[in-house]
Amino acid sequence: MLDVPFRSARRLAADIRRKKLGCLELLDLYLARVERYDGALNAIVVRDFERARTRARAADRALARGQVWGPLHGVPMTIKESYDVAGLPTTWGVPAFNNNVATRNALAVDRLLGAGVVLFGKTNVPLYLADWQSFNAIYGTTNNPWDLARAPGGSSGGSATALAAGLTALEAGSDIGSSIRNPAHFCGVYGHKPTWGIVPRTGQALPWQQAPVDIDVVGPLARSADDLVIALAAMAGPDAIEGAGWQLRLRSPRQKRLRDFTVALMLDAPGIAVDSEVQDRLGALADFLRRQKAFGIYVRLLRAATSDRQSDADFEKNLALARGLTPDDESYYARATRAAVLSHRDWLAANEARHRMRLAWAAFFTEYDLLLCPVAGTAACLHDQRGERHERTVVINGARVPVTEHLFWAGYSGVAYLPSTAAPCGFTPAGLPVGVQIVGPQYGDLTCLAFAQLLEREFQGFVPPPAYAS
């Protein structure tokens with residue numbers, strides 16, 4: 001059994017309700033771990049300890065009166081820095097917003113508080129939430145608890161680090177380019193990218209954004225798939241405007257056992273390298289599923305909406321670069337650059353292609369319940385903060401490839417609005433975590449999560465990093 005700091009939020013909430021743990025007692029346990037370990041990790045970069053203690057005391061008093069605030073009553077949590085929390089800074093890692101203090105909570109924050117959590121801080125992000133590392137000029141660099149020389153992923157890297165090191169019980173992040181899934185994979189925890197649109201981003205968006213952003217979602221990270229289910233239930237549902245016309249009713253999964261699932265497995269893709277150590281772990285999962293009589297086959301089955309994060313100068317530079325690209329230049333950065341500077345006419349054509357893709361996915365999911373595939377091409381990468389992101393490389397199977405190739409696995413499901421869950425899948429020979437991406441049909445979030453819950457119980461669950469297990 002995992003020690004208290006590493007238990008699931010669900011288990012901790014049950015312990016609180018049964019009076020085995022006090023809310024303030026549990027909060028102080030996590031705060032002591034933050035003081036002990038976070039100096040080296042730099043995950044929780046905004047601290048709100050005293051307000052949290054006040055709320056934890058109130059949670060204890062409420063429970064003594066027989067009042068339970070919700071399924072997460074008294075559970076301490078942190079949240080990604082990009083979520084507005086009234087009275088705390090929201091900077092998105094951008095120095096120009098260093099003095100920006102939120103005046104109200106993000107909608108998801110209010111919903112999690114309504115479920116009973118005790119929020120005690122915010123976790124680190126990269127500049128503009130736009131990197132698979134988590135460093136910025138305001139808060140510095142966050143390190144991976146499995147190896148401090150490596151990145152925890154991004155942009156929810158502080159979230160995943162805090163969870164893996166046992167500094168918090170629950171987290172929430174955002175994902176447009178695997179920003180939930182990648183850190184979960186790099187740090188050995190769970191993360192869920194919901195179907196686009198089912199969790200409102202109000203109060204989490206970048207400062208100039210009010211409208212929903214194509215592909216961009218918010219969702220939970222945790223040490224257990226059970227916690228993802230609870231947190232998603234708290235966060236999901238329409239905002240006030242949309243709620244006038246629709247309600248969210250996700251279909252419960254019909255499958256009860258692993259053998260009830262029909263799954264497809266994709267280990268790589270044409271032109272997209274995946275490290276053999278990552279493929280080996282997914283292969284081991286496939287062998288396990290075959291023994292459970294879940295049907296798995298090897299299949300080979302495609303970047304979008306971040307242009308508004310560019311400054312005018314960057315946009316003009318990228319526009320000039322895009323205009324200078326030849327039509328036959330099919331390098332990944334060439335494709336991505338063209339995508340970032342589409343005319344509206346081109347966007348409409350691309351959106352038509354995307355809709356055809358969605359129809360093709362819908363057809364695929366009449367035959368298969370889920371697709372299993374990598375989260376990224378490698379396990380956690382060494383820190384590399386040189387130059388621009390697209391200029392960096394990573395070694396995969398002995399060859400250097402652009403780090404941006406990782407985005408293939410982000411966009412593969414994201415561009416078509418599909419949900420996907422990142423779940424632990426084992427370790428490389430060097431002891432680094434590897435995750436599997438569980439992709440489901442649009443609005444099939446609960447099916448993804450149910451499969452992750454079964455894998456957690458029967459194949460691989462969360463394991464604490466050795467240096468933080470005490």
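1. Strand 2 and strand 3 (residues 118-123) run parallel and are joined by four bridges. Within this pair, Pro-76 has Val-118 of strand 3 as its bridge partner. Strands are DSSP runs (E, at least two residues) and helices likewise (H or I, at least four), numbered from the N terminus; two strands pair if DSSP finds at least two bridges between them. The model is predicted: local features need pLDDT of at least 70 and side-chain atom pairs count only at pLDDT 80 or more, whereas totals for chains, interfaces and linings use all residues. Residues are numbered from 1 along each chain as its sequence is written, and side-chain values use heavy atoms, with hydrogens and water left out.

2. An open sheet of three strands has the order 1-3-2 and mixed pairing. Strand 1 (44-47) and strand 2 (76-80) each have a single partner strand, so one side of each lacks a neighbour in the sheet.

3. Helix 3 (residues 49-64) lies across strand 1 and strand 3, running at about 160° to strand 3. Angles run from 0 to 180 degrees between N-to-C directions, with axes fitted to C-alpha atoms, for helices over the stretch in contact (heavy atoms within 4.5 Å).

4. Strand 11 (residues 393-396) and strand 12 (residues 399-402) run antiparallel, joined by four bridges. Thr-393 is partnered with Pro-402 in strand 12. Two residues lie between the strands of this hairpin, in which Asn-397 takes a positive phi near 55°.

5. The chain averages a pLDDT (the predictor's confidence in each residue, from 0 to 100) of 90, and 89% of the residues score at least 70. Over residues 300-309 the pLDDT is below 50, and this stretch has 33 contacts in the model beyond near neighbours in sequence.
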